[in-house]
Amino acid sequence: MKQLRIDEANQEATRRMIDARPMLSTIATAAEVIPALAAAERRLLHAGPPIEWDRMSGPLRGAVIGAAIFEGWAKSEAEAEKLAAAGEIDFDPCHHHGAVGPMAGVTSPSMAVYVVENETHGNRAFSNLNEGYGKVLRYGAYDAEVLDKLRWMNDEMAPIVKSAIEAAGGIDIRALLAEALHMGDEGHNRNKAGSLLFAKLLAPHIAGSAASAADAGARRKVLEFLGDNALSVLNPVMAACKAMADAGHGIEGSTIVTAMARNGTDFGIRVSGLGADWFAAPAATPDGLYFSGFSAADANPDIGDSTITETAGLGAFAMAAAPAIVSFVSGKPSDALEATLEMYEITFAEHDHFTIPPLDFRGSPTGIDLRRVVELGITPRVNTGIAHREAGIGQVGAGLVRPPIEIFEQALVAYAERYDLG
Amino acid sequence: MTGRENRFRMSHLKHEIRRGAYADSIVLMQLQSALAKLDGVEDAGVVMATPANRELLAANGLEPRGDLAVGPDDLLIVVRAESASAAEAALAEVDRLMKRDAESGTSTYRPKSLRSALVSHPDARWVLVSVPGRYAAGVAREAVAARRHVFLYSDNVSIDDEVELKRRAVGEGVLVMGPDCGTATIGGVGLGFANRVRRGPIGIVAASGTGLQAVASRIDALGSGVSHALGTGGRDLSGAVGGATALQALDLLARDPETRVVVLVSKPPAPEVAAKVLAAARATGKPVVVALSGTMPPLDRVGYLHFASSLRRAADLAVELADGDGGGTSGTRATSAGGPGFVRGLFSGGTLALETTQALRFFLAPLASNLGVEGVAAHGEGSGHLILDLGADEFTVGRPHPMIDSDLRLRRLAQEASNPDVGVILLDLVLGDGSHSDPAAELEPAIRAALGKSGLTIGVLVVGTDSDPQDLSGQIERLEAAGAKVVRTTDELIALVVSTAGDALSTAEARPVPLEDLEAISCINVGLEHFHDSLAGQDLPVVHVDWRPPAGGKAKLQAILARMG
């Protein structure tokens with residue numbers, strides 16, 4: 001495959017990613033929209049590349065335990081662990097089913113999920129609902145408080161938000177992100193503006209919701225929950241990014257990375273022209289700032305599907321748009337500019353819709369090109385939350401991480417084999 | 001007392017409350033981490049005083065005793081230290097630690113690749129390449145593909161890469177100066193190692209870095225100056241490279257209105273390349289001083305071409321020409337239509353033939369002779385221009401010397417004249433006691449017959465005095481009457497050949513290098529940071545690429561990338 005052909009393939013892959021128009025269309029029960037979850041007796045989706053129980057890190061195991069109890073497969077932690085260890089629960093990456101989930105990313109059959117439809121190309125993507133801060137399943141917490149919140153989200157919040165989304169005629173997440181980037185978000189670690197926009201767009205429809213559970217108290221609680229949670233929109237954003245990235249996947253000959261994901265043990269990528277294969281290696285521990293009382297010693301290796309935002313040209317790639325969180329990179333707005341400028345080195349295109357004010361509204365660096373990563377030895381930057389290494393403790397900080405260079409090198413070698421480049 | 005509190009009972013806790021002082025949690029986390037690093041500090045907590053955050057502080061032994069009367073809008077700063085004074089000292093640092101660097105948000109980003117430098121600095125027309133040799137061709141190729149001029153300082157670039165690079169550069173209308181090009185001065189800006197030379201009317205094209213510097217410095221010392229000094233790399237005038245860059249540089253200087261005189265400096269060039277390059281030099285229509293170190297042609301001047309025997313002499317001559325009337329040039333570019341055919345020299349005088357051969361080897365290619373001149377093919381090898389000493393042993397076995405008996409020469413003259421590939425025939429005629437008593441009597445009809453063929457030129461070098469028995473002026477008259485062009489010195493003979501049969505300047509495939517690219521240049525520097533600093537020191541717009549070997553130097557991956565393009 002000559003350079004021109006690779007460039008053409010990459011042009012097509014990135015064009016499709018950029019042209020994709022992800023609309024949040026509704027909320028559904030996971031098993032209804034993800035057939036694989038209905039097709040097995042006990043199956044859970046998780047973040048990152050494939051992994052089995054024995055290699056799972058603390059937070060992922062905790063989330064699995066919580067989900068098993070939530071689904072009624074087990075009554076206790078011990079029962080859930082026994083089931084998992086005995087191979088009685090199937091594990092499959094979210095990414096294999098058009099889904100993505102932050103941190104542990106565990107998605108079980110009866111959980112409510114956002115449904116995002118790419119109006120341009122027709123593909124769909126899914127993500128679970130964001131639980132907010134504190135003790136949450138995505139960080140591996142699974143006590144009664146966590147499960148009660150999940151049940152409230154499923155039973156009360158989801159129907160109200162679903163009716164609101166539908167009443168609003170769907171929400172254009174790409175447009176929301178474009179606006180949020182101009183309000184100081186980068187779409188991954190900082191979603192303050194985007195979450196407020198999300199709440200604003202839904203608020204009138206929540207207020208007027210006809211959902212059966214929607215009494216005044218429930219509506220108020222949902223509005224408060226959405227408004228208080230600066231990560232409310234993260235999950236629809238991730239699903240939108242997944243819908244955009246998937247639109248660019250499967251282009252023969254393309255070297256564009258279409259998925260980056262971590263399961264708390266491994267960091268994996270997929271490449272547009274390399275089919276369903278994952279290229280994975282042990283995930284690093286993020287370099288970051290820690291909440292009071294925690295340090296790097298508490299940190300779990302990198303975890304979560306939220307790197308789909310960087311894959312789609314957001315997150316650390318759009319760092320220059322989010323000066324308020326530059327401290328993760330080291331402290332000065334100029335460092336944020338440099339973070340984004342560095343990512344242009346390894347991307348193939350610039351986004352038409354996601355633009356960065358401090359760079360004269362230049363399009364965000366979009367479409368990681370495997371060739372450039374390997375050639376320059378520059379790995380993608382990722383902004384991320386940091387999970388405690390033990391299940392159930394939650395977030396302990398936030399910072400910056402990069403995938404291991406080996407996975408890009410592996411992918412390049414695989415590309416050479418597949419396309420007969422010796 | 002809980003275990004945790006117990007653990008900290010020897011510690012000292014101090015706190016500070018800042019009411020209504022909202023700060024982003026990241027600022028708080030940063031401050032907290034900075035406080036915790038101070039001497040004597042065990043831990044620190046900096047939070048907005050929400051109930052949840054206060055619980056967190058308590059869990060870490062950071063909750064101040066007593067009722068604090070704080071709310072969620074208040075900033076609570078707590079330090080736990082080995083001593084009360086360390087805790088107080090830490091709190092005193094809070095303002096300093098929270099103060100942000102005043103540096104503006106302007107980026108000092110250094111591109112990591114030529115590709116991104118080209119995107120961020122689209123106006124930079126020059127790329128300086130000084131990366132290790134095995135990577136240099138790749139970087140230069142990328143620059144040429146982007147239609148940028150390349151100053152290729154790197155050495156250890158293969159000749160094949162050089163040929164290929166320059167072939168592309170000629171097609172794109174950009175210069176590749178190098179490889180192993182140490183110096184150049186473009187519009188007053190020194191690239192690589194360069195002397196600070198005042199600007200002036202003299203352009204330099206040099207296949208030798210120190211040669212360029214020596215000439216430029218001397219020009220400056222003489223009070224004149226340099227318009228542009230273009231390096232070509234030491235191998236440019238080799239047979240393989242064919243003077244690709246020198247030809248472009250001469251063409252540029254020909255079009256440059258500031259340049260009135262050109263100096264061409266080179267180590268000994270390949271003969272066929274010398275012919276091409278001197279044709280281009282003649283085509284400039286400007287005086288060109290040629291300093292070919294080591295191999296001086298045995299003549300001072302051919303038309304506007306001046307040959308200098310040393311670098312110093314080249315500089316002196318150039319300044320002289322620039323200060324004078326421009327060397328008597330036409331001011332318009334000479335157009336050489338190329339010779340009508342090959343040159344044949346049929347000499348009776350061996351030394352005349354030798355001197356002619358030595359001079360013509362710089363102008364004619366391919367050239368052969370039976371004189372054993374270095375760089376000139378032996379007689380009988382190949383086809384092309386040919387200079388023969390008919391007085392050589394091979395022709396005089398069993399017959400008299402041609403100065404006495406012209407039979408052999410006349411027959412050869414007739415034979416060459418009938419060859420459709422021959423366009424110029426050179427003869428010599430040596431008069432004096434002992435020579436043929438009336439050579440014109442034999443030559444005149446032979447010349448007349450030969451010139452019956454259209455397009456043929458016959459030049460005759462006559463050596464003699466007015467006192468010679470053959471009647472010098474009478475001989476000349478008769479030769480001229482027959483149609484021959486008569487000259488009295490080898491210089492004139494060479495000039496005659498060059499103006500009639502010199503190599504045509506072939507620029508069919510060349511795209512002209514834009515003249516404006518030589519002014520107000522801006523650069524991308526890939527490689528030695530020293531060169532960036534030098535350019536920045538000249539107040540030049542320059543961006544440094546933070547270059548590293550591709551794929552971390554891993555050969556297997558580099559090979560794959562090379563195949564992917």
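P179(B) lies in the loop of chain B between strand 6 (176–177) and strand 7 (183–186); helices (H or I, at least four residues) and strands (E, at least two) are DSSP runs numbered from the N terminus. The peptide bond that leads from G178(B) into P179(B) is cis, with omega near 0 degrees. This is a predicted model, in which local features need pLDDT of at least 70 and side-chain atom pairs count only at pLDDT 80 or more, while totals for chains, interfaces and linings use all residues. Residues are numbered from 1 along each chain as its sequence is written, chains are lettered from A and ligands numbered from 1 in the order in which they are written, and side-chain values use heavy atoms, with hydrogens and water left out.

The loop between strand 6 and strand 7 of chain B also holds D180(B). Although D180(B) is not a glycine, its phi is positive, about 60 degrees. D180(B) is exposed, at a relative accessible area of 52%; buried means under 20% relative accessible area, exposed over 50%, and partly exposed in between (1.4 Å probe, protein chains only).

Another cis peptide bond in chain B runs from A365(B) to P366(B), with omega near -5 degrees. P366(B) sits in the loop that connects helix 13 (350–360) with strand 16 (367–369).

L97(B) belongs to helix 5 of chain B, residues 94–98. With a relative accessible area of 24%, L97(B) is partly exposed. Its contacts (heavy atoms within 4.5 Å), not counting residues up to four places away in sequence, are with L31(B), A34(B), L35(B) and L38(B). S522(B) is 425 residues from L97(B) along the chain, and their C-alpha atoms are 41 Å apart.

In chain A, T347(A) is part of strand 13, which covers residues 347–356. T347(A) is buried, having a relative accessible area of 2%. Its side chain reaches the backbone oxygen of M343(A) at 3.0 Å. Leaving aside neighbours within four places in sequence, T347(A) contacts F317(A), P365(A), T366(A), G367(A), I368(A) and D369(A), together with R115(B) of chain B.

D360(A) is located in the loop between strand 13 and strand 14 (362–368) of chain A. Its phi is near 55 degrees, a positive value in a residue other than glycine. D360(A) is exposed, with a relative accessible area of 71%.

Chain A as a whole contains 14 helices and 16 strands. Its radius of gyration is 20 Å, close to the 22 Å that the globule rule gives for 422 residues, so chain A is as compact as a globular protein of that length. The radius is taken over C-alpha atoms, and the rule is 2.2 Å times the number of residues to the power 0.38. The C-alpha trace of chain A spans about 60 × 50 × 45 Å along its principal axes.

Of the 422 residues in chain A, 67% are buried. Among contacts in chain A with a separation of 6 or more, 72% are between residues 24 or more positions apart. Chain A exposes about 13500 Å², of which carbon and sulfur atoms supply 49%; the areas come from the Shrake-Rupley method with a 1.4 Å probe, and for residues only the protein chains shown count as cover.

Key
Polar contact = N/O pair within 3.5 Å; in protein donor to acceptor, adjacent residues only side chain to side chain.
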